[in-house]
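The following exercises are to be worked with the sequence and the structure in view. Each task is followed by a solution in steps.

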Amino acid sequence: MSEVRLQVVNLCKSFGITKAVQNVSFNINKGEVHALIGENGSGKSTLTNMLTGIYTIDSGKFILDGKEIHPANQVEANNEGVSIIVQEQGTLSGLTVADNIFLGHEDMFVKAGVKNTVAMHKKAAQLLEEYGFGRIKPYAMIDDYNFEDRKLVEIVKATYFDPKIVVIDETTTALSQEGREELYKHMERIKKQGNTVIFISHDLPEILDKSDTITVLRDGVYIDTVKSADVTEDDLKKLMVGREVSGAYYRTDYDEKISDEVVLEAKNLTVPGLIEDVSFKLHKGEILGFGGLSESGMHEVGKAVFGASFDRTGEVKLADGTQINDIPTAINHSIAYTSKNRDSESVVMNQGIGDNICLPSLKELANKLGFLSGKKMHDFSDKFAKEMSVKMVNVDQFVSDLSGGNKQKVVLARWIGKDSDILVLDSPTRGIDIKVKQDIYQLMDKMRKSGKSIVMISEELMELIGMCDRIIIMKDGKINGELARSRDMDENTLIGKMV
Amino acid sequence: MTDTKEISKSPKLSDEQKKLAMAKNIRAALPIVGLVFIFILFNILTKGGMVSGLSLALSQVYVILIASMGVFFIMTMGGLDFSQGSIMGLASIAVCMASKSMSVPMAILCGILTGAVIGSINGFFHVVLKIKSFIVTICTMFLFRGLIKFLTSKAPVGGAAKLMDYDTMQLKLGVTIAVLIVGFVAFNFTRFGIDLKAIGAGELAAKFAGIRTDRMKFLIYVLSGAITGFAAFINVIKVGSVTSSGGNQLETQILIALVLGGMPISGGAKVRFMNIIVGSLLYIVLSSGLRIMGLDTQTMQLIQGIVFLVFVAVFADRQSIQVIK
């Protein structure tokens with residue numbers, strides 16, 4: 001009934017010794033939302049990056065509407081009718097909104113070598129209006145807009161020319177509910193036009209709800225293609241992991257009393273333009289959640305507690321009275337931090353896994369004279385990397401070779417090695433697959449039970465509800481309410497306080 | 001877990017791993033092979049002139065060996081320093097002037113202090129005012145070169161005669177080896193080296209891992225200036241006096257030496273202490289070899305330029321293309 005739009009034929013890609021995609025073949029039809037799922041490092045992004053000219057193909061081919069394509073870059077891919085909305089920031093700083101939308105396609109506004117900026121702005125304004133993003137101005141610098149709005153600009157950029165295939169790579173995790181709704185609307189529109197969406201997400205309910213067909217990859221190998229209507233979430237988990245996954249994901253306890261012992265107190269934290277007068281107490285053995293829209297300031301709260309904010313006023317005080325004002329003090333007083341911006345702030349990308357794990361613990365690893373032994377460092381990092389089951393060749397491997405989930409495991413291994421008592425986890429499961437997610441939740445529960453305190457900042461409401469003893473909701477840089485753990489809490493209660 | 005099992009059970013992986021490791025080893029060994037090759041080549045070309053002129057060649061290697069260590073630290077962090085020649089010139093003048101009225105140890109100290117002060121100026125502009133290191137150090141290079149020219153405009157600045165007593169191979173070799181050993185131990189067996197490499201590989205992440213990156217960067221510029229200020233003493237006991245061109249082009253010589261030694265320009269985790277030693281020796285063998293062959297300065301510069309380009313092309317780390325800080 002439906003026609004084939006894209007044939008993936010015997011596709012292969014390796015990075016060094018890692019076989020990211022191995023001999024993958026399947027078909028994608030016209031007029032469907034085709035989801036690609038699989039755990040971290042299963043090859044989803046690698047595959048779509050080859051399709052859109054970000055990576056080169058080692059062997060195999062893509063056949064689009066009967067014609068083989070091998071785009072060398074994104075502009076060529078656009079010309080073939082393929083576009084992508086990437087996982088990370090896909091717009092370029094320092095350019096205007098209109099420049100970003102038409103990047104690589106400015107030629108359509110060029111006459112006799114001169115670019116008609118007025119025409120370009122007019123066209124961009126018209127497009128933004130059509131998409132319902134009229135509040136974004138084409139002539140404004142892209143930097144004037146927040147992450148979410150920039151993603152909306154990317155939606156326009158990737159779809160205005162009605163491409164045959166639009167790849168949406170893990171975009172929804174970075175968007176608020178509102179932003180997601182916008183995205184879903186446009187996915188539906190693309191589908192109606194008879195074009196195809198390739199949708200990558202870790203959110204299985206979302207996948208089941210929004211896609212027609214699902215292809216599962218595991219460790220770079222093709223597993224199966226199924227109809228969304230025929231499967232359940234558990235079926236998908238089983239296909240992805242290759243074994244049964246038990247349903248219990250989050251903590252199961254309720255009504256547990258929070259200890260009275262305060263381990264950290266934040267008073268009147270203010271960072272100009274980001275947060276205002278934020279005060280809270282963190283108790284021993286507690287998981288304190290922070291929720292809100294991504295621009296609500298909640299991410300800055302994590303930085304402020306870790307002493308990493310620029311220009312912060314107010315105080316962060318530990319139980320013994322120590323003030324935390326800079327990162328080294330925070331680390332020395334047993335505070336750990338994982339950033340939302342994993343690649344730039346959490347891991348040193350072009351360095352080995354071993355050094356990454358050892359960095360905060362170098363003082364403990366050194367002998368009395370300050371000398372470090374390579375073997376001791378190796379054993380230390382190997383132990384904690386294995387404890388977190390980081391998928392690696394050895395600890396000398398560079399972190400840049402690892403998938404998102406494995407990078408996060410390295411970050412967590414670092415802080416477990418340091419044995420920190422207070423953990424500030426900003427978006428700990430961002431872009432991470434179910435198995436690793438489950439590992440992280442279990443780890444958090446274990447830490448909580450052993451008396452460690454956790455601040456969890458997340459845009460995923462379900463994990464806040466499932467894991468936290470208390471949830472503080474942020475709005476416009478201020479605290480806008482606090483909710484205690486309860487069975488009856490649902491997403492709408494939180495959303496109500498967020499917007 | 002399944003992950004670890006998979007790795008251990010797949011023998012194919014380790015084969016490819018070996019291949020990759022071999023490629024890495026070949027790359028690492030290339031500068032050493034190059035050193036031996038060039039040494040033999042020049043000996044053949046000059047009919048043994050290289051070996052007989054060895055002590056002359058060696059007499060130039062000390063200054064470069066010592067001074068390049070400081071730049072090595074800076075480059076490990078992903079920075080650059082073009083002001084080394086001017087630091088050398090000015091510190092040499094300081095040593096000469098101080099030697100006339102003070103004891104030799106005090107004169108050495110004056111050289112070190114002069115270098116450290118210039119280093120702290122570099123550090124201040126780079127770290128506090130956040131200007132890219134190569135811009136800052138190119139500016140200070142010109143600035144202090146001007147000062148050197150002013151100080152030497154009437155006549156070269158000469159040192160006290162007692163300085164000449166120190167011009168022995170034992171002293172120079174001993175001091176150089178001592179400095180290198182201290183640097184080697186600090187770089188490989190303390191957190192100093194790990195911190196530097198982490199800053200080079202990802203400054204923001206290094207900061208979030210608890211390294212005081214700004215303080216470290218500033219101190220390294222001061223240290224690098226101080227090290228070159230110390231090398232100025234070795235320079236002065238050899239040449240006796242400083243002219244307006246004192247220390248000229250040292251920065252380029254150091255840069256070429258480090259790159260010849262296989263140092264990645266953008267620094268980071270792939271940096272090895274070995275780069276200093278192999279690189280300095282390679283550079284000295286190359287330049288003195290060319291000189292013994294009777295080439296004039298212009299031709300030598302031409303050839304050095306070509307060799308430099310070829311090495312940068314071979315060793316550039318294209319995987320982690322980074323902007324030099």
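**Exercise 1.** Determine which backbone oxygen the side chain of His126(B) reaches, and whether His126(B) is buried or exposed.

*Solution.* Step 1: the side chain of His126(B) lies 2.7 Å from the backbone oxygen of Ile131(B). A polar contact is a pair of N or O atoms within 3.5 Å; within protein, one must be able to donate a hydrogen and the other to accept it, and residues adjacent in sequence count only if both atoms are side-chain atoms.
Step 1: His126(B) belongs to helix α6 (residues 104-128) of chain B. Helices are DSSP runs (H or I, at least four residues), numbered from the N terminus.
Step 2: His126(B) counts as buried because its relative accessibility is 8%; buried means under 20% relative accessible area, exposed over 50%, partly exposed in between (1.4 Å probe, protein chains only).

This is a predicted model: local features need pLDDT of at least 70, side-chain atom pairs count only at pLDDT 80 or more, and totals for chains, interfaces and linings use all residues. Residues are numbered from 1 along each chain as its sequence is written, chains are lettered from A and ligands numbered from 1 in the order in which they are written, and side-chain values use heavy atoms, with hydrogens and water left out.

**Exercise 2.** Describe the interface of chain A and chain B.

*Solution.* Step 1: chain A contributes 40 residues and chain B 33 residues to the contact (heavy atoms within 4.5 Å).
Step 1: about 3100 Å² is buried between the chains, 64% of it from carbon and sulfur atoms. Buried area is the accessible area (1.4 Å probe) that two parts lose on being put together, summed over both.
Step 2: one salt bridge (a side-chain nitrogen of Lys or Arg within 4 Å of a carboxyl oxygen of Asp or Glu) crosses the interface. Its partners are Asp326(A) and Arg212(B), at 3.7 Å from N to O.
Step 3: on the side of chain A that touches chain B, α10(A) gives the most, with four residues.

Note on methods: Helices (H or I, at least four residues) and strands (E, at least two) are DSSP runs, numbered from the N terminus.
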